[in-house]
Amino acid sequence: LKELRLKRTLFHGTIPTELGSMKAMKRLHLNSLQLTGTVPSEFGRLTKMTRLTLNENANITGTLPTEFINLLALERLHLQATNMKGDVSFICALSSINDMRVDLRNVNCTCCTCC
């Protein structure tokens with residue numbers, strides 16, 4: 001599976017960690033759902049992923065896993081309208097990232113202009 005779009009469906013609950021084992025995944029759109037809990041660190045295994053949208057999930061909490069530094073192909077990361085907190089500056093080390101959206105009231109990003 002290379003792309004999964006569940007946005008604006010009735011899907012709810014925690015983000016399945018099993019998604020992190022889908023090595024061919026390039027685009028994962030989980031925005032505008034009723035997701036809860038944290039972003040699985042297993043997502044750091046999705047090294048071919050170019051787009052990850054988790055925005056508009058107010059009950060996603062925690063910090064962005066540092067394993068995301070392994071997502072060398074990641075171009076788009078949308079985290080706005082979540083309750084994530086912490087520092088995401090390490091994402092700026094990814095030269096491929098060109099569209100990153102976060103809520104700066106909850107998340108710190110000190111190294112880039114794309115937030």
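In this predicted model, the side chains of R27 and E3 meet in a salt bridge, with a distance of 3.9 Å from N to O. The pair links distant parts of the chain, since R27 belongs to strand β3 (residues 27–29) and E3 to strand β1 (residues 3–5), 24 residues apart. R27 has a relative accessibility of 32% and therefore counts as partly exposed, and E3, at 30%, also counts as partly exposed. The bridge is part of a network of salt bridges in which E3, R5 and R27 are linked.

A further salt bridge joins the side chains of D99 and R76, at 3.3 Å from N to O. D99 lies in strand β9 (residues 99–101) and R76 in strand β7 (residues 76–78), so that this pair ties together parts of the chain that are 23 residues apart in sequence. With a relative accessibility of 15%, D99 falls under the 20% limit and so counts as buried, whereas R76, at 25%, counts as partly exposed. The side chain of D99 also meets that of R101 in a salt bridge, here at 3.0 Å from N to O, and R101 is partly exposed, with a relative accessible area of 40%.

| Salt bridge | N to O distance |
|---|---|
| R27 and E3 | 3.9 Å |
| D99 and R76 | 3.3 Å |
| R101 and D99 | 3.0 Å |

**Strands and sheet**

The protein has zero helices and ten strands, and its elements, taken from the N terminus on, accordingly run β-β-β-β-β-β-β-β-β-β. Among the arrangements they form is an open sheet of three strands, in the order β2-β4-β6, with parallel pairing. In this sheet β2 (12–14) and β6 (59–60) stand at the edges, and because each has a single partner strand, one side of each is left without a neighbour in the sheet. Strands of a sheet pair through backbone hydrogen bonds, in either a parallel or an antiparallel sense.

The pairing can be followed residue by residue across β4. Strand β4 (residues 34–37) pairs with β2 in the parallel sense over three bridges; on this side, G13 stands opposite L35 of β4, and the bridge partner of T14 in β4 is T36. Towards β6, two bridges join the parallel strands β4 and β6, and there T36 stands opposite N59.

**Overall dimensions and surface**

How does the radius of gyration compare with that of a compact globule? For 115 residues, a compact globule would have a radius of gyration near 13 Å, and the protein, which has 13 Å, agrees with this. The C-alpha trace spans about 35 × 30 × 20 Å along its principal axes. Buried residues make up 43% of the 115 residues. The protein exposes about 6000 Å², of which carbon and sulfur atoms supply 49%. Among contacts between residues at least 6 apart in sequence, 43% join residues that are at least 24 apart.

**The nonpolar core**

The largest nonpolar core has 30 residues, and those with the most contacts inside it are I15, L28, F43, L52, F68 and L77. Of these, L28 lies in strand β3, the strand that also holds R27. L28 has a relative accessible area of 0% and is therefore buried, whereas R27 counts as partly exposed. If residues up to four places away in sequence are not counted, L28 touches L4, L19, F43, M49, R51, L52 and T53. One of these, R51, is 23 residues from L28 in sequence, and the two are 6.2 Å apart in space from C-alpha to C-alpha.

F68 is another of the residues with the most contacts inside the core. Leaving aside its neighbours within four places in sequence, F68 is in contact with V39, P40, F43, G44, L52, L77, F90, I91 and L94. F43 and L52 are each in contact with F68 and are also touched by L28.

Terms used:
Residues numbered from 1 in each chain as written. Predicted model: local features only at pLDDT ≥ 70, side-chain atom pairs only at ≥ 80, totals over all residues. Heavy atoms only, no water. Salt bridge = Lys/Arg side-chain N within 4 Å of Asp/Glu carboxyl O. Helix = DSSP H or I, 4+ residues; strand = E, 2+ residues; numbered from the N terminus. Buried < 20%, exposed > 50% of the residue type's maximum accessible area, 1.4 Å probe, protein only. Pairing = 2+ DSSP bridges. Rg over C-alpha atoms; globule rule 2.2 N^0.38 Å. Contact = heavy atoms within 4.5 Å. Areas by Shrake-Rupley, 256 points an atom, 1.4 Å probe, with all protein chains shown as cover. Core = buried A, V, L, I, M, F, W, Y, C linked by side-chain atoms within 4.5 Å.
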